[in-house]
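Student: I would like to learn how to read a protein structure, one feature at a time.
Tutor: Then let us look at one together.

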Amino acid sequence: MVWQKYNGETIRSSINEAVEEIIKTETHLGNKLKVYIGTDSQVKRGVIEFATVIVFLREHKGGFMFIHRDRKTHRQSIKERMLTEVQKSIDIAYLLCPLLDQYHIDLEVHVDINTNPNFESNVALKEAMGYIMGMGFQFKAKPESFASTNCANKIVQ
């Protein structure tokens, strides 16, 4: 799985090693971190482009993110696509959870699903919320899910 920084630079180490290096560096600088994971997708000419982001926010000092891009060529319903986004975020959250727990860093999983039932994506809200919270993660949906609805969205647009 290839990850990159926002400037396009490829992360050469494993994502766990890269995240641990960030944690150590930011802690050494006296910064308190919080991590947010989110995925968004966009359908373009029959191809679904996914972007998963790991957003690091420094308390009162801005933030930065790591990005992973992925594509699928088979058609998916809106519900299936929303739940695929959730699965991608959960996979990364699950991978990083032991490391974040070790360093006492809070984690939220953000989904690009609208809480308003008038929007299409809402069909997956209950399943997404149940899955994420059932896995023991904090859950945020629109409009509070900036990692997926703003950061990841910027990558797939």
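Student: Where is H104 found?
Tutor: This is a predicted model, so keep that in mind throughout. H104 is found in the loop between α2 (78-102) and β5 (106-114).

Student: What is the phi of H104 near?
Tutor: Start with the general idea: most residues other than glycine have a negative phi, and most peptide bonds are trans. H104 has a phi near 55°, which is a positive value in a residue other than glycine.

Student: Is H104 buried or exposed?
Tutor: Exposed means over 50% relative accessible area. H104 counts as exposed because its relative accessibility is 68%.

Student: Where is the place of H60?
Tutor: H60 is in the loop between β3 and β4. Those two strands form a hairpin with four residues between them, and H60 in the turn has a positive phi of about 65°. With 79% relative accessibility, H60 counts as exposed.

Student: How many bridges join β3 to strand β4?
Tutor: Ten bridges join them, and the strands run antiparallel. To read such a pairing, look for residues that face each other: F50 stands opposite D70 in β4.

Student: In which sense do strand β2 and β3 pair?
Tutor: Strand β2 (residues 33-44) pairs with β3 in the antiparallel sense, over twelve bridges. Here V35 stands opposite F56 in β3. The hairpin of β2 and β3 has two residues between the strands, and R45 takes a positive phi near 50° there.

Student: How many of the twelve residues of strand β3 are buried?
Tutor: Buried means under 20% relative accessible area. In strand β3 (residues 47-58), nine of the twelve residues are buried, so the strand is mostly covered.

Student: Which residues does the cis peptide bond join?
Tutor: Omega is the angle to read. A cis peptide bond joins K142 and P143, with omega at about 10°. P143 lies in the loop between β6 and α4.

Student: How far apart are N150 and D40 in space?
Tutor: Sequence and space have to be read separately. N150 and D40 are 110 residues apart in sequence and 8.9 Å apart in space, C-alpha to C-alpha. N150 lies in helix α4 (residues 146-156), and a polar contact of 3.5 Å joins the side chains of N150 and T149.

Student: Which residues form a nonpolar patch on the surface?
Tutor: Y94, Y131 and M135 form the patch, and together they have about 310 Å² of accessible area. M135 is in the loop between α3 (125-134) and β6 (138-142). M135 counts as partly exposed because its relative accessible area is 35%.

Methods
Residues numbered from 1 in each chain as written. Predicted model: local features only at pLDDT ≥ 70, side-chain atom pairs only at ≥ 80, totals over all residues. Heavy atoms only, no water. Buried < 20%, exposed > 50% of the residue type's maximum accessible area, 1.4 Å probe, protein only. Pairing = 2+ DSSP bridges. Polar contact = N/O pair within 3.5 Å; in protein donor to acceptor, adjacent residues only side chain to side chain. Patch = residues over 30% accessible without salt bridge, like charges linked within 9 Å, V, L, I, M, F, W, Y side chains within 5 Å. Areas by Shrake-Rupley, 256 points an atom, 1.4 Å probe, with all protein chains shown as cover. Salt bridge = Lys/Arg side-chain N within 4 Å of Asp/Glu carboxyl O.
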